[in-house]
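Here are a few friendly notes to read alongside the model. Please keep the 3D view open as you go through the points.

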Amino acid sequence: ASVISRRLLLAAMAAPSPASMFDPEVVEELRRQFAAADTDGDGQIDAEEACRLFATSCSPGASEQELRRTVDGLRQQLDSDRSGTISFNEYCFRFGRKYQVELNHRRRAQAAD
């Protein structure tokens, strides 16, 4: 096997699963969002398209240069294995913590009532 294949295999083996990191409700919400973006159902989202869509929706009046900078930054954060696609695990690792924190806040607020 090539050096790159070994690195990808080791990275995949070392990465914890979303189910071991987040509550089931969080994983379910992330899966719903991911499935909506995974239009062909192959379990991957094209990193360039996803990041461009996100950058454009966040900054509708941005110049092409500003968009490119944002897209490149997002892709660096989301596509951690540099495959050109975003897997469900990569998506979870980027957004799961935010949803877990929100869920924990809601639970505390409900418990206080």
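1. Let's begin with the aromatic rings. In this predicted model, the count of aromatic pairs comes to three. One of them joins Phe34 and Phe88, whose ring centres are 5.6 Å apart. The planes of Phe34 and Phe88 make an angle of 75°, and the pair is edge-to-face because an angle over 60 degrees falls in that class.

2. Where in the chain do Phe34 and Phe88 lie? Phe34 belongs to helix α3 (residues 24–37) and Phe88 to helix α6 (residues 88–112).

3. Next, please look at Tyr91 and Phe95, which form a tilted pair with 4.9 Å from centre to centre and 50° between the planes. Both residues sit in helix α6, and they are four residues apart, about one turn of the helix. Tyr91 is buried, at 14% relative accessibility, whereas Phe95 is partly exposed, at 22%. The cut-off explains this: buried means under 20%, and partly exposed lies between that and 50%.

4. Phe34, Phe88, Tyr91 and Phe95 are linked by ring pairs into a cluster.

5. Two charged side chains deserve a look as well. Arg31 lies over the face of Phe88, 3.8 Å from the centre of the ring. Lys98 places its charged end over the ring of Tyr99, at 4.7 Å from the ring centre.

6. Now for the two helices themselves. Two packed helices are described by the angle and the distance between their axes. For α3 and α6, the axes come within 8 Å and cross at roughly 130°. That angle makes α3 oblique to α6, because roughly antiparallel would need an angle over 145 degrees and roughly perpendicular one of 65 to 115. The crossing of α3 past α6 is right-handed.

7. Which residues meet where α3 and α6 are in contact? On the α3 side they include Val26, Val27, Leu30, Arg31 and Phe34. On the α6 side, Phe88, Tyr91, Phe95, Tyr99 and Leu103 are among them.

Terms used. Residues are numbered from 1 along each chain as its sequence is written. This is a predicted model: local features need pLDDT of at least 70, side-chain atom pairs count only at pLDDT 80 or more; totals for chains, interfaces and linings use all residues. Side-chain values use heavy atoms; hydrogens and water are left out. Rings of Phe, Tyr and Trp (its six-membered ring) pair if their centres lie within 6.5 Å; planes under 30 degrees apart count as stacked, over 60 as edge-to-face and the rest as tilted. Helices (H or I, at least four residues) and strands (E, at least two) are DSSP runs, numbered from the N terminus. Buried means under 20% relative accessible area, exposed over 50%, partly exposed in between (1.4 Å probe, protein chains only). A charge sits over a ring if NZ of Lys or CZ of Arg is within 6 Å of the ring centre and within 35 degrees of the ring normal. Axes are lines fitted to C-alpha atoms, for helices over the stretch in contact, and angles run from 0 to 180 degrees between N-to-C directions. Angles under 35 degrees count as roughly parallel, over 145 as roughly antiparallel, 65 to 115 as roughly perpendicular and the rest as oblique. A crossing is left-handed if the near helix is turned anticlockwise from the far one by less than a right angle, and right-handed if clockwise. Contact means heavy atoms within 4.5 Å.
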